[in-house]
Every structure is written in C-alpha cells, then in structure tokens.
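Have the sequence and the model open, and try each task before reading its solution.

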Amino acid sequence: MDTGCDAPLGHGDLGNGEADLCFLVTRNALSGTGVLGCDPVVLPLDGWALRLDEVAFTVGAVAHRHTHSGSGWRHLVAGTLRIEAEHDTTVMSTGDSWFEPAQSPVRAVALQERGDTRFVRCMVIPLADVGQSTFKLQSPKDADLPRLQITHRHFDHVVQVDAL
C-alpha cells in the first residue's frame, strides 16, 4: 500500500499477496481514497505493540459490556453487528469500520440469522499485554454468561520505544 507517508510507526496487513486491508500507525493523519478512517491514539510511554487479530461471532453471540486496554480500528468483514457504546448504538454491516478508544465500554451483539459475523481489529496495546487478552468485562456478574465469540490473534508486533 502506497500511503505517501513517511515511515509508519507500525503497520499490519491482512490479505492474499497484496494487502487487502492495511492498518498503519503514523505521526500524521492520513486521508484520501482507500482510507477507511483515522483517529489519534495515545501511545504508552514505556513502549507498545501493534496487535492484529480477528473476532468471530456465532449466530446470536454477545460480547458483554467490556473494555480493551488499547485503542484501535475494527473492520467488519462478514455479517451484521450491533455496537452499543457509551453514548450511542450503531448497527454495523459488512464493509463498515469503527474506532474504539482504550478503556471505552462497549457491548457487541451478532444480528445475522445464519453464518458467522467476523471483524478484523488492529489495536495499539501496552507492552504488558503482549501475548495476553486485552478484554476486560465491566460487570463481574457477566463472567458466568456464555462467551461465544472466538478471537484469533494474527500477531503482536512490538514497536521499539526509540521509534517514537
């Protein structure tokens, strides 16, 4: 992907051969054709990693109200998902993208009648979360509810502190 930007601080590509979907962390905001969105993130001072993963929901699955320790973009590659954030509720369809700030409570519900709902996520995470889940339930009572979503981590890429 030719972004026209100087040395991204980190990037993650997902696709066959050429990058069908590319996430970049850059010093300056990107815009133009092919840019699905751009939001500022706070980079942890003691170092960080770029996580690229994929979350699949079976029919009717719910990700109960939770937060993540890292900010990042999500891109829905299949299905329909209702996102209940702190100040609004939005129904996402295949091809939609959205940004979730770190520590921002959200609940997600798969709405499709058949087939899985899947999104690809790229987050900037603290070094302490490399290899660990960033998912934190907001209510202890939800811990006993079924968790039907499946997360596949593609990679955690540690970014050198001196790259800042």
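Two strands count as paired if DSSP finds at least two bridges between them; strands are DSSP runs of E, at least two residues long, numbered from the N terminus. This is a predicted model, in which local features need pLDDT of at least 70, side-chain atom pairs count only at pLDDT 80 or more, and totals for chains, interfaces and linings use all residues. Residues are numbered from 1 along each chain as its sequence is written, and side-chain values use heavy atoms, with hydrogens and water left out.

**Exercise 1.** Trace the largest nonpolar core and the surroundings of leucine 81.

*Solution.* 
- Step 1: a nonpolar core joins buried (under 20% relative accessible area, 1.4 Å probe, protein chains only) Ala, Val, Leu, Ile, Met, Phe, Trp, Tyr and Cys residues through side-chain atoms within 4.5 Å.
- Step 2: the largest core has 13 residues, and Leu81 and Trp98 are among those touching the most other members.
- Step 3: strand 9 (106-110) gives the largest share, three residues.
- Step 4: leaving aside residues up to four places away in sequence, leucine 81 touches residues including Phe57, Thr90 and Phe119 (contact means heavy atoms within 4.5 Å).

Methods. Buried means under 20% relative accessible area, exposed over 50%, partly exposed in between (1.4 Å probe, protein chains only). Helices (H or I, at least four residues) and strands (E, at least two) are DSSP runs, numbered from the N terminus.
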